[in-house]
Amino acid sequence: MEMVKQKASTVVVGVLMWVIIKAVCGSGASIECSTVTSLVSTCSTFIADGSPDPLPGTPCCDAMVSLNAIGDQRFVCRCMMGLISTNGPNATAIATLPGFCGVSLGFIIDTNTDCSL
C-alpha cells in the first residue's frame with residue numbers, strides 16, 4: 001500500500017511540474033535546456049558522489065518524472081546529450097537516473113544516441 005501511495009505522489013508531482021512548466025513557458029513556446037538542466041540538478045548529490053541512490057518519490061525522481069512529462073522527448077534527448085557531453089566524468093551517473101527512478105524517457109542516455117529518431 002505504501003508503494004502505491006509513493007507512485008501516486010510521484011505522478012501527482014510530475015503532473016504539477018508539467019502544468020507549471022506549461023504555464024510559465026506557454027503551450028506553444030519551447031522549453032529551454034536550462035529547464036532540463038534545472039530538473040537534473042535536483043539529483044546533483046547522486047551525480048557528484050554516486051550516492052545515495054535516487055528512489056521513487058524523492059525530489060530527484062520527481063524531476064525525472066517531470067522530464068518525461070515535458071512531452072518533446074527529442075528536445076529532452078538533445079538537452080540530456082549536452083549534459084553528458086559537458087559532464088563527462090559524471091555521464092554514467094546521469095545516464096542511470098531514469099532507471100533508478102523507474103522512468104523511461106523513450107531514449108537511452110548515451111553519447112551514441114541519435115536524438116533525431
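Analyst: Helices here are DSSP runs of H or I with at least four residues, strands are runs of E with at least two, and both are numbered from the N terminus. By that count, the chain has six helices and zero strands, and along the sequence the pattern reads α-α-α-α-α-α. The model is predicted, so local features need pLDDT of at least 70 and side-chain atom pairs pLDDT 80 or more, while totals for chains, interfaces and linings use all residues. Residues are numbered from 1 along each chain as its sequence is written, and side-chain values use heavy atoms, without hydrogens and water.

User: What makes the link between the side chains of Asp 114 and Ser 116 a polar contact?

Analyst: The term needs a pair of N or O atoms within 3.5 Å; within protein, one must be able to donate a hydrogen and the other to accept it, and residues adjacent in sequence count only through two side-chain atoms. The side chains of Asp 114 and Ser 116 are joined at 2.6 Å.

User: How do you know what to call the arrangement of H4 and H6?

Analyst: Axes are lines fitted to C-alpha atoms, for helices over the stretch in contact, and angles between N-to-C directions run from 0 to 180 degrees. Helix H4 (residues 59-69) and H6 have axes 9 Å apart and an angle of about 95°. Under 35 degrees is roughly parallel, over 145 roughly antiparallel, 65 to 115 roughly perpendicular and the rest oblique. H4 and H6 are therefore roughly perpendicular. Their contact (heavy atoms within 4.5 Å) involves Cys 60, Cys 61 and Met 64 of H4 with Leu 97, Pro 98 and Cys 101 of H6.

User: Nice. Which residues make the contact between H2 and H5?

Analyst: Helix H2 (residues 33-41) and helix H5 (residues 73-86) have axes that come within 9 Å and cross at roughly 65°. From H2 come Cys 33, Val 36, Thr 37 and Val 40, and from H5 come Phe 75, Cys 79, Met 80 and Leu 83.
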